[in-house]
There are 2 protein chains.
Amino acid sequence: MIFPKSNSEGIFIFPSSRGSIEMITYDLRKRGSEPIYVFLYKKLRDDILDGIIKPNEKLPSKRTFANNLNVGVNTVANAYDQLLSEGYVYSSEKRGYYATDMQRFHNIKINTSAPEPVRPEEEPDFFMDFRANRINLNNFPISTWNSCMRKAILDGGDNLYKTVPYNGIPQLRNAISAYLYRNKGMSVDPELIFIGAGTEILLRKIFELFEKNVGVAMEETGLKTLAKQADKLNIRVNVIPGDDDGMDADLLGETDSSLCYVMPANRFPTGRVIPIKKRLELFSWAYEGDERFIIEDDYDSEFRYSGRMIVPMYAEDTKQKVIYLNTFSKTMVPSLRISYMILPPVLAARYKENLGFYSCTVSSFEQFALAEFINSGAFERHINRMRNFYRKQRVAILKELLSSPLSKVSSIEEHNAGTHFLLKIKTKKSKADIYDEGISKDLHISFFSDYILSDKGSPGYVTLVINYAAIVADKIPEVVKRLSEIFV
Amino acid sequence: MIFPKSNSEGIFIFPSSRGSIEMITYDLRKRGSEPIYVFLYKKLRDDILDGIIKPNEKLPSKRTFANNLNVGVNTVANAYDQLLSEGYVYSSEKRGYYATDMQRFHNIKINTSAPEPVRPEEEPDFFMDFRANRINLNNFPISTWNSCMRKAILDGGDNLYKTVPYNGIPQLRNAISAYLYRNKGMSVDPELIFIGAGTEILLRKIFELFEKNVGVAMEETGLKTLAKQADKLNIRVNVIPGDDDGMDADLLGETDSSLCYVMPANRFPTGRVIPIKKRLELFSWAYEGDERFIIEDDYDSEFRYSGRMIVPMYAEDTKQKVIYLNTFSKTMVPSLRISYMILPPVLAARYKENLGFYSCTVSSFEQFALAEFINSGAFERHINRMRNFYRKQRVAILKELLSSPLSKVSSIEEHNAGTHFLLKIKTKKSKADIYDEGISKDLHISFFSDYILSDKGSPGYVTLVINYAAIVADKIPEVVKRLSEIFV
């Protein structure tokens with residue numbers, strides 16, 4: 001005699017004597033808004049997982065099951081098909097559907113309950129964030145950018161939807177080449193330009209072009225994140241001491257570095273320029289080895305407030321030993337993730353050969369829009385406007401600082417370039433206390449030592465990075481007042 | 001007695017007796033359209049580099065030089081300032097400007113000549129590219145996407161221009177969480193979602209969360225690019241043999257793998273589903289170790305042509321051991337580089353702590369537009385439309401293939417899902433010959449063996465990947481005809 005057993009609903013299942021189930025009943029009223037086949041699929045799945053429907057037991061035939069539930073045969077067929085697709089049942093041609101044997105895994109519970117929706121999150125904001133590279137909305141030519149995006153959609157056609165070439169769309173690379181020719185005296189084959197979603201991604205690709213654990217020389221004011229991640233990046237960072245002009249080239253030569261990372265136009269975060277003599281020393285180092293290259297990060301060079309742009313080392317190089325890096329996150333808006341690099345021909349060929357399978361990391365749409373923005377002249381107009389805006393911001397905040405109580409206990413290091421300067425303040429307070437006091441005044445304080453590899457700070461002093469790109473002019477007196485209150 | 005020397009223009013420089021230059025003359029008519037100060041700066045620079053102006057020689061005073069050239073004092077001052085900025089001269093307060101000593105580097109030539117503009121490039125195209133994930137322009141709801149982009153610009157306000165949080169903007173993470181809840185039965189805290197410019201970038205970040213040389217298990221049909229790059233990625237790939245259901249979990253357990261990479265809904269490139277029994281084996285493996293996690297790449301799961309979407313392992317998991325990966329490049333357009341991953345809480349915390357300094361790699365603008373596209377329901381409508389379109393494409397090309405001469409020498413493997421299938425063809429031709437014949441017919445042939453880690457192809461057969469997402473319906477007969485001609 002065979003006893004009925006109760007399923008996930010407490011309704012009886014009647015097994016037949018031949019290892020198959022004569023009938024299963026589910027209460028279809030409980031399905032809510034779910035389609036019947038989905039409800040059936042879930043009920044059967046749960047009963048198979050719970051062992052109520054036994055391993056290798058045969059399920060009722062579609063027709064019988066459908067008649068019993070008073071639904072169409074197709075509904076049952078759909079539920080069985082889904083169970084079959086996901087492996088809860090197996091079928092034997094023309095003989096029916098059987099429960100999969102999962103006895104071995106009865107200790108493993110899988111989640112079959114309906115999930116809960118999750119509450120959306122919000123993000124905090126500061127009165128002034130010295131750290132973040134935010135810009136004032138009024139400075140970005142929204143309507144022009146908007147019309148470039150519309151033009152990209154209209155003119156892009158099929159090209160907009162194709163897989164992006166590994167080095168970026170030719171239209172943007174051509175536009176960048178022409179821009180660099182017009183503005184920086186650089187003659188660049190667009191085939192050597194590579195587009196990427198940020199400098200970090202491009203740097204990583206550069207490192208992948210070299211042997212594992214390649215030596216990368218950088219100044220003490222080099223990118224702290226690179227040094228922190230060196231092991232993950234398969235590089236060894238050789239920190240080279242130097243002076244105000246840059247790293248000591250003799251010491252550089254004594255290391256086994258293949259790459260030398262520099263910011264010749266505007267060294268971060270001090271803003272100094274690498275002078276020609278130091279550049280010649282670096283060229284001299286690079287020209288002495290086949291696998292020696294200079295990485296020139298030109299990220300901030302557009303913003304200089306006297307004279308013309310500093311000539312990039314790329315333009316001075318006669319032996320194709322400079323890898324050039326720049327970003328539009330700085331010149332356009334921080335939220336636009338488009339950077340580019342220029343590789344020497346030997347490295348561009350190596351990239352194509354070894355890394356050409358990587359997808360380009362920037363959407364073609366934004367590449368088209370940016371190409372249009374550059375080609376229309378809007379980019380150069382924007383740079384000029386921003387240069388004037390930053391020049392005014394710089395003067396306004398310097399003036400405010402010099403007439404504030406803070407001026408008595410601080411000194412400024414700045415070189416007429418970039419969008420930040422250093423403020424060295426005499427204080428006995430710890431960095432942690434200063435940071436906390438800043439937060440209590442709704443200021444996000446940024447320390448020089450957070451950016452450099454080795455903190456050579458003088459005792460009794462702390463150096464802040466004052467990024468003035470985002471300060472709204474009206475807020476400057478209040479920002480300086482709050483900052484003063486921390487120290488004076 | 002002191003002799004005059006000729007400068008870069010053949011014009012005499014008159015040195016004085018006291019190590020300073022009394023006068024230099026340049027022919028200003030030769031400057032073309034350049035500002036006078038730029039012309040002067042370049043001339044002086046070249047003469048200093050060439051040693052015509054000697055190391056430490058004093059330049060003429062601004063006033064004398066200006067009088068001699070018949071230009072304003074400011075013009076000379078601007079030229080001197082630029083030389084000073086770039087380090088060609090140094091100044092001694094109130095005493096004047098002196099040429100920098102660069103004698104040590106007279107063997108290093110730097111490039112000072114005017115560059116040439118470079119000719120723009122074009123890119124080639126194919127009648128049919130089986131490899132590339134292109135889509136037909138008509139399938140993408142351009143006007144809806146366009147209006148989402150416009151809405152993003154109008155509503156985004158300041159948020160559009162802020163630095164993007166490291167894990168993506170909350171609006172998009174919230175929209176994805178709600179979408180996954182509605183469509184895949186997944187309950188996901190938006191704080192656990194991470195936005196990135198492509199799956200490759202997210203995979204790399206996952207690996208960075210683990211010890212160096214972490215073991216990553218994958219099937220023989222796993223991502224070939226991962227295996228190729230394992231060393232650069234700081235991972236060891238453990239290729240686990242298996243059967244039609246997936247990798248052998250016992251063999252998996254014998255390796256020291258921490259991560260197990262699978263495509264449960266649609267294994268690439270065969271299109272099979274990982275059945276529940278195999279999933280339980282994998283869960284069983286993952287639940288046995290603190291540092292064991294399953295990477296679920298769900299990239300193609302939206303496209304199934306019968307029944308409902310396959311339940312993701314993420315939704316089945318009860319112990320937060322699944323890292324979930326998906327991309328919008330597949331569901332939207334290949335040229336949109338937006339992917340996302342969901343990390344288990346323990347790994348999300350580790351990410352924030354160790355990798356939170358990385359910038360998000362997707363522009364905020366496209367994140368806002370996509371959030372709007374999802375929230376408005378347009379994304380789900382688009383998926384449904386694409387599913388219907390691909391279903392028709394699939395039927396059309398299968399029908400054409402089955403009635404073509406190719407059907408006599410080929411067999412098809414496909415599982416009612418994804419946007420491609422495998423075509424196994426009996427042939428004596430080599431892959432290289434087939435590829436070349438394809439190119440001559442303007443077809444870009446794609447081989448199964450290009451995607452898998454170990455080619456277990458049968459001799460006398462070749463297996464092609466037929467990606468039908470991009471074939472224009474009208475072209476199908478011609479594409480199949482050209483393909484047939486290669487083999488029959």
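**View 1. Asp231(A) meets Lys212(B) in a salt bridge at 2.9 Å, N to O.** A salt bridge here is a side-chain nitrogen of Lys or Arg within 4 Å of a carboxyl oxygen of Asp or Glu. By that rule, four of them cross the interface of chain A and chain B. This is a predicted model, so to speak of local features we ask for pLDDT of at least 70, and side-chain atom pairs count only at pLDDT 80 or more, while totals for chains, interfaces and linings use all residues. Residues are numbered from 1 along each chain as its sequence is written, chains are lettered from A in the order in which they are written, and side-chain values use heavy atoms, with hydrogens and water left out.

**View 2. Chain A and chain B put 111 residues each into contact (heavy atoms within 4.5 Å).** Between them they bury about 9500 Å², with 56% of it on carbon and sulfur atoms; that is the accessible area (1.4 Å probe) lost on being put together, summed over both.

**View 3. Phe357(A) and Tyr358(A) have ring centres 4.6 Å apart and planes at 35°, so they make a tilted pair.** Rings of Phe, Tyr and Trp (its six-membered ring) pair with centres within 6.5 Å; planes under 30 degrees apart are stacked, over 60 edge-to-face, the rest tilted.

Definitions and conventions
Buried area is the accessible area (1.4 Å probe) that two parts lose on being put together, summed over both.
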